[in-house]
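Please walk through the structure shown below with attention to its annotated spans, its domains and its interfaces. The paragraphs that follow take these topics in turn.

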Amino acid sequence: MNANIIDRIAHNNRLRHINPKLKVFFALSMLLITVFSKSVIVPLIIALIMIVLTVFVAKVPLRIYLPLLLAPLGFGVITVILMGIIYSGGKELLSIKIFNFTISIYSYGVNLGLLVFSRMLGGIACTLFLALTTPMTELFYILRDLKLPSTFVDIAMMMYRYIFLLLEEMIRITNAQNTRLGYKDLKTTYKSLGTLGAILFIRAWDRGEKAFITMSCRGYNGDLKLIKKIESPAIKYILLIVIVDILLIALSYLTGDFKVIT
Amino acid sequence: MHIMEGYLPPMWCAIWYILSGIVVGYGIIKINKLLKEMPEVKPLLAVAGAYMFVLSSLKLPSVTGSCSHPCGNGLSAVLFGVAITAVLATIVLLFQALLLAHGGLTTLGANIFSMGVMGPLAGVIVWKLLRGKVSSTIAVMLAAIASDWMTYVTTAIQLTLAFPGDDPVKTLITFLSIFAVTQIPLAIAEGLLTAIIWDKIKELRPDLLLKLGVIDESEVPHYTQVMETGGAE
């Protein structure tokens with residue numbers, strides 16, 4: 001399961017012991033710069049930084065990292081082609097005649113497509129950096145420090161726990177159904193999936209009720225208490241990140257007019 | 001399908017964040033109110049959200065041979081209503097972005113709006129309209145179809161608004177024909193699956209559905225009425 005792989009790597013990587021607040025600040029500031037940039041150069045630089053950090057510094061195995069990065073990018077390539085066809089304007093680069101239809105690709109659309117593609121690459125690299133180096137459990141503390149409603153954070157924390165329990169249960173039920181030829185054709189597949197969904201719902205609900213009883217035994221009254229706190233990172237690291245951010249913002253202003261195809 | 005990280009320009013990221021933020025905020029207020037009377041709401045909503053996440057990782061074969069995954073937002077909307085579904089969808093989408101690398105953080109607002117607000121809204125409207133007129137299984141099936149399909153229509157509109165091009169109407173039609181039309185068989189597949197799940201829950205544990213107040217006691221006579229089986233007194 002993908003969820004298991006990412007979670008396991010988040011707990012075992014070379015950047016695991018860096019202050020999580022620092023990692024969140026770094027990844028989110030880079031993400032914002034990526035989204036705000038107007039040319040392809042800055043997002044590509046950010047993507048490069050993030051990929052190098054994730055693969056060579058955090059030592060995330062390439063055979064796990066590449067599929068995660070490439071799957072959304074396949075969608076990105078389709079977007080670029082579509083945008084080239086949909087949006088007209090600028091020079092006509094290419095026109096193909098299929099029967100009576102003429103499909104033309106214009107420079108405006110291609111430029112827009114490439115910009116969106118580079119932003120997606122940069123953005124996905126930033127999110128993957130955050131996802132692969134910071135465990136969710138530490139993110140919950142940060143969400144709580146950000147003064148998000150405690151109801152929201154509590155439900156998220158418990159949900160995180162139950163996701164893995166339910167996934168395990170799902171895999172077990174699926175295997176049991178598979179050994180009984182539960183997925184041999186379309187009709188049985190639907191029947192099996194329906195049973196699987198219903199049983200999972202019932203088991204999940206029972207688990208929730210049991211969890212409430214267990215929590216009540218330990219004095220739960222509608223609010224979860226956490227004792228651990230995450231300390232703030234040293235000022236010098238924050239300053240370093242801010243300087244990198246400012247450099248990238250300046251670069252994105254300087255290269256604002258850059259177009260791949262003029 | 002989620003809008004990918006970095007796809008939307010900053011202005012639209014902010015607009016969708018604000019719009020879905022209002023609904024999610026309302027949902028949190030609603031949960032807090034419920035929590036005062038029933039503290040068990042928190043663990044129960046947590047497992048419901050985990051269930052949504054797990055359901056979305058199922059591979060659903062479709063008529064055309066393609067594969068899709070159920071959204072689960074229709075079922076959740078019927079069970080919990082729009083506002084609470086929006087809160088659950090927010091957490092599920094956050095986890096999908098960080099645990100599965102689906103969707104993204106900047107586009108989270110837009111994805112919540114399509115999957116947590118508009119889809120469930122369509123589902124609930126269909127459910128309310130049909131309730132009592134047809135059996136709950138058929139109503140749930142149609143609600144799931146409506147909410148799945150509405151999710152994709154909203155996505156198409158969001159993509160158009162982000163990059164309208166010269167002729168917004170033409171762009172909208174292009175995106176709608178890509179998303180909304182290809183989604184029809186997938187929506188029907190999700191509807192069928194939801195109906196099977198619903199039927200099974202109704203058969204095995206009708207007490208859960210009765211407790212949530214989504215079905216009538218008359219629908220599950222084998223559970224609510226004492227069977228006259230005879231036997232020794």
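For chain A, an unreviewed UniProt entry lists "transmembrane region" at residues 25-58, 64-87, 108-132, 152-171 and 234-254; such UniProt positions are given here in the numbering used for this structure, with feature names shortened, and the annotations may be inferred rather than shown by experiment. The structure is a predicted model, in which local features need pLDDT of at least 70 and side-chain atom pairs count only at pLDDT 80 or more, while totals for chains, interfaces and linings use all residues. Residues are numbered from 1 along each chain as its sequence is written, chains are lettered from A and ligands numbered from 1 in the order in which they are written, and side-chain values use heavy atoms, with hydrogens and water left out.

Among the annotated spans of chain A, residues 25-58 are 85% helix and 0% strand, with end C-alpha atoms 17 Å apart, whereas residues 64-87 are 96% helix and 0% strand, with end C-alpha atoms 35 Å apart. Helices here are DSSP runs (H or I, at least four residues), as are strands (E, at least two), numbered from the N terminus. For chain B, the unreviewed UniProt entry places "transmembrane region" at residues 12-29, 41-58, 78-102, 108-127, 139-161 and 173-198. Of these, residues 12-29 of chain B are 100% helix and 0% strand, the end C-alpha atoms lying 26 Å apart, and residues 108-127 of chain B are likewise 100% helix and 0% strand, with 27 Å between the end C-alpha atoms.

Within chain A, an automatic or database domain assignment separates domain 1 (2-134 + 233-254) from domain 2 (143-217), and the C-alpha centres of these two domains lie 32 Å apart. Their contact (heavy atoms within 4.5 Å) takes five residues from domain 1 of chain A and four residues from domain 2 of chain A. The area buried between the two domains of chain A is about 320 Å², of which carbon and sulfur atoms give 53%; buried area is the accessible area (1.4 Å probe) that two parts lose on being put together, summed over both. On the side of domain 1 of chain A, A:Ala3, A:Asn4 and A:Asp7 supply 77% of the area buried against domain 2 of chain A, more than any other three residues.

One salt bridge is found across this domain interface, where the term requires a side-chain nitrogen of Lys or Arg within 4 Å of a carboxyl oxygen of Asp or Glu. A:Asp145 forms a salt bridge with A:Lys21, and the closest N and O atoms are 3.4 Å apart. Helix α1 (residues 2-11) of chain A provides the largest share, four residues, of the side of domain 1 that touches domain 2 of chain A.

Between the chains, 75 residues of chain A are in contact with 69 residues of chain B, and the buried area is about 6300 Å², with carbon and sulfur atoms giving 82%. Three salt bridges are counted between chain A and chain B, and the side chains of A:Asp206 and B:Arg205 meet in a salt bridge at 3.1 Å, N to O. Several helices of chain A, including α2 (20-36), α4 (62-86) and α7 (150-179), each supply at least two residues of the side that touches chain B, and α8(A) gives the most, with 23 residues.
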